[in-house]
Structure formats: structure tokens, C-alpha cells
Amino acid sequence: MTEIQAPLAGHLATAAATSRRFVRMTLAALFVVTAATTVAVPRAFAQAATPAELEQRVADLEAYITNSQPKALISSGPGHNAWMMTSAALVLFMTLPGLALFYGGLVRRKNVLSVLAQCCGMAGMVTILWWAFGYSFAFAHGNPFLGGTTFAFLKGVTGAPNSDYAYWVSQNVFSMYQLMFAIITPALIVGAIAERMKFSAIMLFMFLWMLVIYFPMAHMVWGIDGLMNGVWNADAKIKAIDFAGGTVVHMTSGWSALVLCLMLGKRQGHGQRAFVPHSLTLTMVGTGMLWVGWYGFNAGSAVAADSIAAGAFTATTLAAAVAGFTWPAIEAALTGKPTVLGFCSGAVAGLVVITPAAGFVTPTGAVIIGVLAGVIPYLACTKLKAFFKYDDALDTFGVHGVGGTLGALVTGFLATPEANANLSTNLKDIVGHTLWVEQLKAMALTMTVSIVGTIVLASIVKAVVGLRPDTEAEELGLDYTDHGEAGYHADDSSGHAEQEESGSLPPHGAVASGT
């Protein structure tokens with residue numbers, strides 16, 4: 001038998017090797033055809049190739065599938081590009097109309113258009129800044145605090161990938177994706193100062209805020225040579241992690257919102273009459289849009305359609321759902337009634353807190369984060385605000401400031417290479433050990449930049465154009481005084497407006513408590 005088995009084994013091995021070569025050559029041929037028809041590569045690349053060249057092309061195909069660095073091909077990949085363009089649209093959908101409707105439903109009817117206008121204004125102004133220098137300041141090589149001017153006016157930002165951030169995504173797509181983050185961040189601040197800050201003052205403040213706070217923070221956390229980019233910058237002085245914007249988006253906007261609302265003071269009549277949401281229906285619709293859009297926000301931050309994006313997608317779903325259940329469950333336990341506003345607030349809090357951790361934690365870690373997100377921001381919005389009596393009109397600080405800070409901290413404890421192997425690149429010695437210390441450092445710096453920067457910038461704006469409208473204009477409503485329009489007309493009303501202004505309607509949860 002052994003005399004027969006040995007030759008048979010040899011023939012089988014030869015057949016297997018031949019089969020593998022055939023499969024690899026077939027894949028290479030398919031790759032060449034695809035490259036020749038759908039990817040911008042030289043025509044010569046698609047012509048007859050040597051076995052070594054075919055091997056190289058197959059290796060690049062495998063790199064595309066696994067989202068790793070190609071050996072020779074320098075091109076965007078259609079699948080990854082498609083996901084990132086979709087994600088960019090989803091993140092814009094979070095602001096327009098998601099956040100606009102969420103906030104719009106929570107204010108009084110006389111101020112609904114002012115909130116929508118502020119969100120629209122951010123989209124326009126920030127896009128212009130991003131084109132001129134914002135993208136370059138955030139993502140070009142520079143120093144640990146700010147990028148250079150290499151990409152000013154989007155010069156050189158083409159369909160080719162920027163391998164500092166993605167191997168298979170066009171840099172122009174990447175830049176547009178990151179633009180959507182830059183748009184929604186200042187728009188979040190609007191919630192804290194709703195109904196009492198002039199449109200002109202808001203736009204001037206946000207212009208300065210983007211220059212002084214957002215662009216530097218984005219570079220420090222996500223820039224390839226950023227001060228706090230612990231995952232990819234081996235020389236980072238603060239080896240922190242932030243998958244999708246816990247520090248860059250939520251902490252900066254949340255802490256700035258708190259400072260700004262304190263500097264502005266309370267709304268006229270705050271604490272003396274109930275300021276009820278004029279349409280929780282709009283708020284619920286906006287919540288759904290935010291949740292859907294957040295998949296682009298978190299899963300898109302993998303900058304690829306890969307396993308890390310899948311993990312972030314899963315974590316986002318779990319955290320939002322758990323927090324959206326926990327918040328109203330607390331309401332039911334304490335007051336006997338779970339509210340729609342509680343469902344909405346809980347879901348958004350879950351999305352906020354999971355943001356910095358989305359691509360770094362396991363499903364169980366996401367559930368833990370969901371529970372914490374349903375409890376801690378709830379206490380901030382109901383107890384902390386009532387105790388200190390500040391007028392965070394729509395709970396931007398309670399949800400985004402407190403939630404973003406909480407998320408940044410728990411990420412330091414729950415992040416694991418099991419969820420994201422990139423954590424082993426430069427952080428293998430601290431993940432699971434002292435990463436939380438690095439997170440504390442990043443949190444402290446973010447708070448300092450946001451608080452100090454906001455005090456200075458708001459003081460400048462106050463001196464130049466003033467911050468608030470006069471008392472009569474504020475009572476009349478910013479829709480009319482700032483924009484000369486009305487969100488609703490008298491013949492459409494059903495008595496709700498009169499009840500709202502008289503304070504005869506009961507408050508609807510933490511955001512509307514007026515306390």
C-alpha cells in the first residue's frame with residue numbers, strides 16, 4: 001500500500017498546487033478586467049502580464065478585500081468609496097433635517113424657524129471654511145496641534161486615496177465625509193442657547209469657534225501627526241483613542257454650550273413659567289433620523305466597508321437601544337410614566353456615549369455603555385441642571401457634554417483588540433491597563449480648550465455685535481425678529497400657542513422643565 005500511497009499523494013499535491021495557481025490566475029484575470037473597466041489605471045496594466053505581475057495583482061486584490069495596504073495599485077476601491085459616500089450623506093442627514101427637527105420640536109413655536117435657520121447656516125458657512133482651509137488644518141501634515149496648508153482650497157484633494165487615512169477611499173470623498181462632522185458639531189451647541197441668541201451673534205461665534213476650537217481639536221485627535229492620535233501616531237504625547245468623535249464632537253460642543261449658556265443668562269421667564277416643547281412629534285421624527293444617520297457617523301468612521309465598520313454598526317445599535325429603554329424606565333420607576341421625550345433623549349444619549357468607543361468595544365461593552373448612557377445623562381439633565389439652575393435649553397450639555405465625557409472615559413476601560421486589532425499597533429502596552437489615564441489627559445485638554453476658548457470668543461462677539469436680542473424681540477420670538485417669518489400661521493393654530501405662552505400646559509420631561 002505504501003508504494004501506491006506515495007505516488008498518489010504526490011499527484012494529489014501537484015493537482016492541488018495546480019488548482020491553487022489556476023484560481024489565483026483566474027482572480028488576477030478578473031481583477032485586471034475590473035481594473036481596466038472601472039478603476040482609473042493605465043491601459044498597459046490590463047495587458048498581458050508575467051506570473052510575478054499576476055501574483056502582485058492578486059495580492060492587491062486581497063488587500064482591497066481585507067482593507068489593507070496594496071503593494072502596487074494606487075487607486076480608490078469602488079465598494080469602500082460607495083460606503084463612504086453613503087456614510088457622508090447619512091451624517092449630513094443627521095443635521096439636515098435630523099438635528100434641525102429634533103431641536104425644532106423642543107423649542108416654542110415662535111422660535112422653531114430660528115433653530116432650523118441656525119442649522120442651515122452652519123451647513124453653508126462651515127462648508128466654505130472647510131474648502132478654504134478647514135480640511136487642511138484638520139488633516140494635512142503639520143505639527144501636533146494643527147495641520148498645515150497643503151490642502152488649502154482642497155488643492156490636490158482628488159480621487160486618489162490619502163494613505164495616511166485610507167488605502168481604498170478617494171481623498172475627496174474622505175474630505176467630504178469629515179466635512180459632515182464639522183457641520184454638525186457647532187450645530188449641536190445651538191441647543192443650549194436656543195431662543196435667546198441673535199442669529200448674527202451665533203454665526204460670528206461659530207465662525208471663530210471653528211477656527212480656534214474645532215479645527216485644532218480635529219487635528220490633535222485624528223490628524224496623522226496629532227497630539228492625541230494614539231492609534232496611528234506612534235509619537236503622540238497623549239496616547240488616547242476616539243473612534244468617531246467623543247472628544248472632537250461631543251465634548252467640545254457640550255462644554256462650549258455650557259459656558260455659552262451661562263454667559264448668555266437664562267431665557268426671559270425661565271423658572272417662572274413652563275417652556276414646553278411645541279411638537280414632540282417633530283422631536284421623535286428627528287430622533288429617528290439621528291439614529292439612522294449615526295450609522296454613517298460611527299460605522300463610517302472605520303473609513304472602509306470592513307469588519308471594524310461592522311463592529312461599530314453593531315455597537316451603535318446596541319448602545320442606542322439599551323439607553324433608549326433605560327431612560328424612560330427610570331422615568332417610569334420615579335414618576336410612574338415613561339415619556340416619549342425620555343425615549344428620544346435616551347436613544348440620543350446612547351448614540352453619544354458609544355461614539356468614541358464604537359469601533360473599539362465588543363457587543364457586551366456596548367450594552368454596558370448603553371446602560372450608563374441611560375442613567376448618567378438622565379441625572380445630568382434632571383438633577384444636575386435643577387441643582388445649579390442653569391438654562392441649558394435643550395440639554396446639549398447634559399447629553400453631549402456629560403455623555404461625551406462619559407464615553408471618552410469608559411472607552412479607556414472597555415476598548416479591546418478583540419474588537420479592533422489596530423489597538424495593538426501602537427497601544428498594545430496600555431490597552432487594558434493604563435489607557436484610561438491617557439483618556440483622562442485627553443478629556444482634560446479638551447475641556448480646557450473648549451471652556452477657555454468659548455469664554456474668550458463669546459466675549460469678543462459680545463463686544464462686536466452683542467449676544468442677545470432685546471427683551472421685546474425675545475418675547476416676540478426669533479422667527480420674526482431674526483428672519484421675518486413664522487413657522488406656523490394663525491389660521492393653522494388650535495389654541496396650543498396660547499396655552500404654551502401662558503404656561504398652562506404641563507412640562508414634558510427634563511428638557512422642557514424650565515428649571
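What volume does the largest pocket have?

Mentor: This is a predicted model, in which local features need pLDDT of at least 70 and side-chain atom pairs count only at pLDDT 80 or more, while totals for chains, interfaces and linings use all residues. Residues are numbered from 1 along each chain as its sequence is written, and side-chain values use heavy atoms, with hydrogens and water left out.

The largest pocket has a volume of about 750 Å³. A pocket here is an open set of points on a 1 Å grid over the protein atoms alone, with protein on both sides within 12 Å along at least five of seven lines. The volume is the space filled by probe spheres set on the points, which are joined across faces, edges and corners; the probe is 1.4 Å.

Around the largest pocket there are 32 lining residues, a lining residue being one with an atom within 4 Å of a point. Nearest the centre of the pocket lie Tyr165, Trp232, Ser301, Ala302 and Val303. Helix H5 (171-189) and helix H6 (199-222) are the elements that give two or more residues to this lining. H5 provides the largest share, four residues. Helices are DSSP runs (H or I, at least four residues), numbered from the N terminus.

By type, the lining of the largest pocket has 20 nonpolar, nine polar and three charged residues. Nonpolar covers Ala, Val, Leu, Ile, Met, Phe, Trp, Tyr, Cys and Pro; charged covers Asp, Glu, Lys and Arg; the others, Gly among them, are polar.

The largest cavity has a volume of about 80 Å³.
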